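Have a look at the structure first, then read on.

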Amino acid sequence: CHEKKTYRIGVSQCSQDDWRAKMNDEINREIMFHPEATVEIRSADDSNEKQISDIRYFKDNGFDIIIAAPNEADAITPIIKEVYESGTPVIIFDRNINGDSYTAYLGVDNFGIGKSAAHYGRHLIGKGGKVIEIYGLAGSTPAKERHDGFIEGATEEGISVIASAYGNWNYDDAASVCDSMFTVCKDIDLIYAHNDRMAIAASEMAKKHGLDIKVIGIDAAPEIGIKAVADSVIDATFLYPTEGYRVIRTALAILKGEPYERVSTFPISSPVDISNADILLLQNESLKEDSAKIKTLKSQVDDFWNKHSAQTSLFYAAIAI
Ligand code: FRU
């Protein structure tokens, strides 16, 4: 009887939120089709220290590959470099590290999304419009890229960013900076928030202050961002694909010595607004139904094989007597 190799994959998520929940779901679903692999997902809950210890846990426990979305590049780069240089393959996705001490990187064109948001914003408010930007976490790379892209687009379009504030990717911080900003500054045409949670917070604060401001976010996770567009809480959001399937398939290619792309940046910058939000929500409902069916089917197949192998062993036990 030959020993079957099982690959252990460790995934270190920087946060726990709607967008990551969708991605973790995709990861768990993809793994169902690869009986040769198991996955453990840990969330650092936005803490650099926790993420360092999660990554160290995977390394110390001999995981075959580590996949990570680094909370902040400066803080997480050293541990990633250490793991990579020790010979354990590392995949970085979504948020990047400094340098390229990784086996593969999978990301999305955040600069392009920022730039498209500026073009879209000009559509909403016209040339000369005034924008406030709600920034993600200062040290996480998508925030910087979404900012740079927006600034380039805004210059081309003739709209101006009059102030930026840190919302750190979360609702509460965004709500509190908007609350103070809207108290002193009322002449604002557009809020550009680096994700939907912060966009929703900005929209609610604008309402509280009696201001009529257009709001754009990023992510388009169905239950939060797309729903907020469909409910007219925000005006638009940009798709930020989660790519859980692709990350796992890349990990398995690396582990099995098959070809893979070392750096891949998904080129997407599609807006979701009132014209397509409903149809996307509908599609999401049928996707959810299909994936529930796949789960049921998988557990039925597992049950069948468990019974079958129990019967087979009984059979061999019987003929051995
Ligand atoms: C989720 C998130 C998203 C954002 C991404 C950037 O944890 O905050 O809202 O698009 O991370 O890395």
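In this predicted model, helix α1 (residues 18–31) packs against helix α9 (residues 244–256) at an angle of about 45 degrees, and their axes are 7 Å apart. Helices here are DSSP runs (H or I, at least four residues) numbered from the N terminus, and axes are lines fitted to C-alpha atoms over the stretch in contact, with angles running from 0 to 180 degrees between N-to-C directions. Local features need pLDDT of at least 70 and side-chain atom pairs count only at pLDDT 80 or more, while totals for chains, interfaces and linings use all residues. Residues are numbered from 1 along each chain as its sequence is written, and side-chain values use heavy atoms, leaving out hydrogens and water.

**α1 and α9**
- The two helices α1 and α9 are therefore oblique to each other (angles under 35 degrees count as roughly parallel, over 145 as roughly antiparallel, 65 to 115 as roughly perpendicular and the rest as oblique).
- α1 passes α9 in a right-handed crossing (the near helix is turned clockwise from the far one by less than a right angle).
- On the α1 side, M23, E26, I27, R29, E30 and I31 make the contact, and on the α9 side G244, Y245, V247, I248 and R249 do (contact means heavy atoms within 4.5 Å).
- By class, this contact of α1 with α9 has six nonpolar, one polar and four charged residues (Ala, Val, Leu, Ile, Met, Phe, Trp, Tyr, Cys and Pro count as nonpolar, Asp, Glu, Lys and Arg as charged, and the others, Gly among them, as polar).

**α4 and α5**
- Helix α4 (residues 110–125) meets helix α5 (residues 141–157) at about 40 degrees, with axes 6 Å apart.
- That angle makes α4 oblique to α5.
- The crossing of α4 past α5 is right-handed.
- The contact of α4 with α5 has six nonpolar, five polar and eight charged residues.

**α6 and α7**
- Helix α6 (residues 171–184) and helix α7 (residues 196–208) pack at about 35 degrees, their axes 8 Å apart.
- α6 and α7 also cross in a right-handed way.
- Eleven nonpolar, no polar and four charged residues make up the contact of α6 with α7.

**Around the ligand**
- Residues around the ligand include S15, D17, R20, P142, R146, N195 and R197 (one of their heavy atoms lies within 4 Å of the ligand).
- A side-chain N or O atom of D17 is 2.6 Å from an oxygen atom of the ligand (a polar contact is a pair of N or O atoms within 3.5 Å).
- For N195, the distance from a side-chain N or O atom to a ligand oxygen atom is 3.0 Å.
- R197 has a polar side-chain atom 3.0 Å from an oxygen atom of the ligand.

Note on methods. A polar contact is a pair of N or O atoms within 3.5 Å; within protein, one must be able to donate a hydrogen and the other to accept it, and residues adjacent in sequence count only if both atoms are side-chain atoms.
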